[in-house]
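Hi everyone, and thanks for coming. Please have a look at it first, and then we'll go through it together.

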Amino acid sequence: MLTLLRKKQLRDSLLGLALILSTVALVAAPQESIDGAKDGLALCFNVIVPSLFPFFVLSSLVVDLGLAAYLGRAMEGLMRPLFRVSGSCAAAVALGFIGGYPIGARTTLQLYQQGLCSKIEAERLLAFCNNSGPAFIFGVVGAGVFGDGRVGLLLYITHAVASILVGILFRFYGGNHKEGVSSRQPKPIETVTLPAAFTSSITRALQSTLNICAFVIFFAVFLRLLSAHGVLSAVAEGLSLIGFQPEWARRLVAGLFEVSSGVSSLQGNSQLVGRVSMAAFMLGWAGLSVHCQVLSFLVDTGLSARVYLAGKLCHGLVAAALTYGITRIIPLSAPVADYLVEQTESIASLDFSSALAISSVAAFGGWLFLTGICLVLLQKKI
């Protein structure tokens, strides 16, 4: 199959057929397309922009002002033996855990472009640093879907542990590769002035945020059309032929495409262990929408998309296995309240000013924390 797809004529024919089918689908269901676009725009305005923009600014400042490089000199002794990446990569790991998708991937790309990690190290890092943020797991998944903060805590712990385990696994990627001199020997830390860094971080953060919003709107329309024309149901029926129950197959298909739609479909009162385990998989996998956001950053960088996708698949499988094992040992009960179900069904209903304020405070707190660490390192002359 892959050999056939390498033929240009066949690829062009399939692309043309896909464009024709997409046009027919849009014309046949215009109201569904409009509703999907409205939902995507509301999600971008109320959730994506206020939650990601401050952290995009933070990630740029951390790299441009040299904080990642100073942090790298202190974290080299941990990051190198554990993940086989430079100490500077600790900034991408930390921001990936607190900022959510795709902050970790974007920070990795900036570190690579600044020469703070090699190509192989950046690919190893991409495999495990692009994670869900705690606000989404605790608020939307834990409280919203399962109605219990304990479930959110469990999912975040297994999500984080699975990410670390995947990072340890991918340390063996590129095993025969000899690390570059820049990743082994300290070099002068290159920085820019604060006004230049601040101006550049704002413009790049806005560009990255708009880029992500475009994919969010596209997939909102795409999923609406697939659902309206019965494609999602047909795929779910196909999965049911290989052993999946129809209900679970529909949930899995939704999660494979878009993580928030997938976890929202896990509402219910039956088979709690299965629902929580599938939620762990969806959070680790992140969904095709997030992958397109990340891959848009990797264009013309030479970094392997296959390594990133393999890492996310491993993350989802490991997180699901960990969650299933823990829930079998420690039984959980999570009754779902009606108002929490409504919260999950309308993720975009968050107040813009509140979300922006919380995200900005969190980003500024992260900035102060990293700056404090670097000041301590400077005093100790590390």
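Let's begin with a pair of helices: α13 and α15 are roughly parallel to each other, because angles under 35 degrees count as roughly parallel and their axes cross at roughly 20 degrees. Do keep in mind, as we go, that this is a predicted model. Helix α13 covers residues 246–257, helix α15 covers residues 272–285, and their axes come within 9 Å. The crossing of α13 past α15 is right-handed.

Which residues make the contact between α13 and α15? From α13 we have W248, R251, L252, G255 and L256, and from α15 there are G274, R275, M278, F281, M282 and W285. Sorted by class, that contact has seven nonpolar, two polar and two charged residues.

Now look at the loop between α14, residues 259–264, and α15, where you will find Q271. Q271 touches Q245 and W248, leaving aside residues up to four places away in sequence. Q271 is partly exposed, with a relative accessible area of 48%.

Let's compare that with a second pair. Helix α16, residues 288–298, and helix α17, residues 305–329, pack at an angle of about 150 degrees, with their axes 11 Å apart. Angles over 145 degrees count as roughly antiparallel, and α16 and α17 are therefore roughly antiparallel to each other. Their crossing is right-handed. On the α16 side, the contact is made by V290, H291, V294 and L295, and on the α17 side by A305, Y308, L309 and K312. By class, that gives six nonpolar residues, one polar and one charged.

Next, the interior. In soluble globular proteins, nonpolar side chains tend to be buried together. Here, the largest nonpolar core has 84 residues, and the members touching the most others are I48, L125, V141, F146, L155 and L283. Helix α3, residues 30–64, gives the most to this core, with 11 residues.

What does L155 touch, not counting residues up to four places away in sequence? Its partners are I137, V141, F146, V276, A279, A280, L283 and T323.

L125, another of those core residues, sits in α7, where it is buried. Helix α7, residues 119–126, is mostly covered, with seven of its eight residues buried. Among them are E121, E123 and R124.

Technical notes
Residues numbered from 1 in each chain as written. Predicted model: local features only at pLDDT ≥ 70, side-chain atom pairs only at ≥ 80, totals over all residues. Heavy atoms only, no water. Core = buried A, V, L, I, M, F, W, Y, C linked by side-chain atoms within 4.5 Å. Buried < 20%, exposed > 50% of the residue type's maximum accessible area, 1.4 Å probe, protein only. Helix = DSSP H or I, 4+ residues; strand = E, 2+ residues; numbered from the N terminus. Contact = heavy atoms within 4.5 Å. Axes fitted to C-alpha atoms, helices over the stretch in contact; angles between N-to-C directions. Parallel < 35°, antiparallel > 145°, perpendicular 65-115°, else oblique. Left-handed = near helix turned anticlockwise from the far one by under 90°. Nonpolar A, V, L, I, M, F, W, Y, C, P; charged D, E, K, R; others polar.
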